[in-house]
Amino acid sequence: MNFLHKSKSSLSSLLSRCISNQIYPQIQQSRSSTYYILHPQPKTQYHRFRRQPRWYHNPRNVVAVVLVSSAAGASIYYGNLETVPYTKRRHFVLISPSVEQQLGEAQFNQLKNALRGKILSPIHPDSVRARLISNEIISALQRGLRHHEPHWKSIEYSSHEPSKEDFDPKRSPETILLLEDGCKEEHLKWPPEVEELMDDRWVQKSRDMDMAKGGTLPEMRHMEGLKWEVLVVRDKMVNAFCLPGGKIVVFTGLLDHFRTDEEIATVLGHEVGHAIARHSAEMITKNLWFAVLQLIILQFVFMPDIISAMSNLLLRLPFSRKMEIEADHIGLLLMASAGFDPRVAPLVYEKLGKITGDSALHNYLSTHPSSKKRAEILSRAEVMEEALELYRETVAGRGIMGFL
């Protein structure tokens, strides 16, 4: 019994020693007692790597970038400034004349393909009439640009083969009748007092500043080598436009509303005025800068709908209305030099307001000023007197050169 107990205790102590030596080698034992010595684990060390300084942390780099950017921006801006005829306004245009002309011709070809079945033939009375009036406007433009003497081909008519409808003496049933009263002599008398308008004050101010500097010749490279074309489209839309490159499009709805040559000359002179002032290229440039400005603002205030609405109301629309006033002035001089009475122009815009309908907010929420305001501006002595002088000299056979 004792032998078994003793042997068992000896065996167990032997096993405990072996296990202790294998698993816990750091444990040291003595005869009298057992000591456990625990070595502490090594501490974790964190190394912090320093980032390389960015370029904008160095003031010298910031100053260098600002100077180089300012110089590049100034060279691009002043290198692309152009002078608009008559108003002498300086505007920034990035689109070159050749690119602008290519865009106009491409859009004109797309329009012809889209309206293939509605284009009138060259022998249609409306086509002949529109081409003759346009030819007078273009001849007046050539006289107005005598400083540059642009060379362009004779005005042509662009259309497809004539159809049977072109020989029908009756107008389309969709034709809208002419507004009553017409252009009678009593309507050519302007009221003695005209409400003071702010929209066209910049025109005279711009011209005065240009005269103080000795006068600047307008930029007319985009008018060189043009191939003028006229297209009449059978549509009740009351509209006409002139694309870059000398492409004039007239809708029969305009001819139905405005029956006299003076009225048609008013509209065509206005549209040609847009092409002369390069308003299409200017608007493309401004839209590019507006988009960049919106992206910058969105980095700080993320309200895209409000930012878009405010940019349209405060930036795009005022510039568009200024361009329309500018085209009105140039068109008035063109029609007067072409031999059309300029006093009819205000009546045309009054009629246009009755057709389209003007509202109280039209001056602020539209790309065009209200028809009433445009009529009042053109009736003022500052604008009308110059046009009347051109008209009298043209009727007398003494055309004035270089009026643009």
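Modeller: Start with D341 and R343. They form a salt bridge, and their closest N and O atoms are 2.9 Å apart. D341 has 10% relative accessibility, under the 20% cut-off, so D341 counts as buried. R343 is at 26%, which means R343 is partly exposed. Keep in mind that this is a predicted model.

Side chains of opposite charge can pair when their charged atoms come close. The search of the whole structure finds 13 salt bridges. Another of them joins E82 to R278, with the closest N and O atoms 2.8 Å apart. This pair connects distant parts of the chain, 196 residues apart. E82 sits in strand β3 (residues 81-83). R278 sits in the loop between α7 (261-276) and α8 (279-298). E82 has 7% relative accessibility, so E82 counts as buried. R278 is at 1%, so R278 is buried too.

Now move into helix α8. K286 and E282 both lie there, four residues apart, or about one turn of the helix. They form a salt bridge, with the closest N and O atoms 3.8 Å apart. K286 has a relative accessible area of 16%, so K286 is buried. E282 is at 1% relative accessibility and therefore counts as buried.

R374 is found in helix α12 (residues 371-379). The side chains of R374 and D328 are joined by a polar contact of 2.9 Å. R374 has 4% relative accessibility, so R374 counts as buried.

R374 also takes part in the contact between α12 and helix α10. Helix α10 spans residues 345-356. The axes of α10 and α12 are 8 Å apart, and the helices pack at an angle of about 175 degrees. That angle is over 145 degrees, so α10 and α12 are roughly antiparallel to each other. On the α10 side, the contact residues are A345, P346, Y349, E350, L352 and G353. On the α12 side, they are S371, R374, A375, L378 and S379. By class, this contact of α10 with α12 has six nonpolar, three polar and two charged residues.

Definitions and conventions:
Residues numbered from 1 in each chain as written. Predicted model: local features only at pLDDT ≥ 70, side-chain atom pairs only at ≥ 80, totals over all residues. Heavy atoms only, no water. Helix = DSSP H or I, 4+ residues; strand = E, 2+ residues; numbered from the N terminus. Buried < 20%, exposed > 50% of the residue type's maximum accessible area, 1.4 Å probe, protein only. Polar contact = N/O pair within 3.5 Å; in protein donor to acceptor, adjacent residues only side chain to side chain. Axes fitted to C-alpha atoms, helices over the stretch in contact; angles between N-to-C directions. Parallel < 35°, antiparallel > 145°, perpendicular 65-115°, else oblique. Contact = heavy atoms within 4.5 Å. Nonpolar A, V, L, I, M, F, W, Y, C, P; charged D, E, K, R; others polar. Salt bridge = Lys/Arg side-chain N within 4 Å of Asp/Glu carboxyl O.
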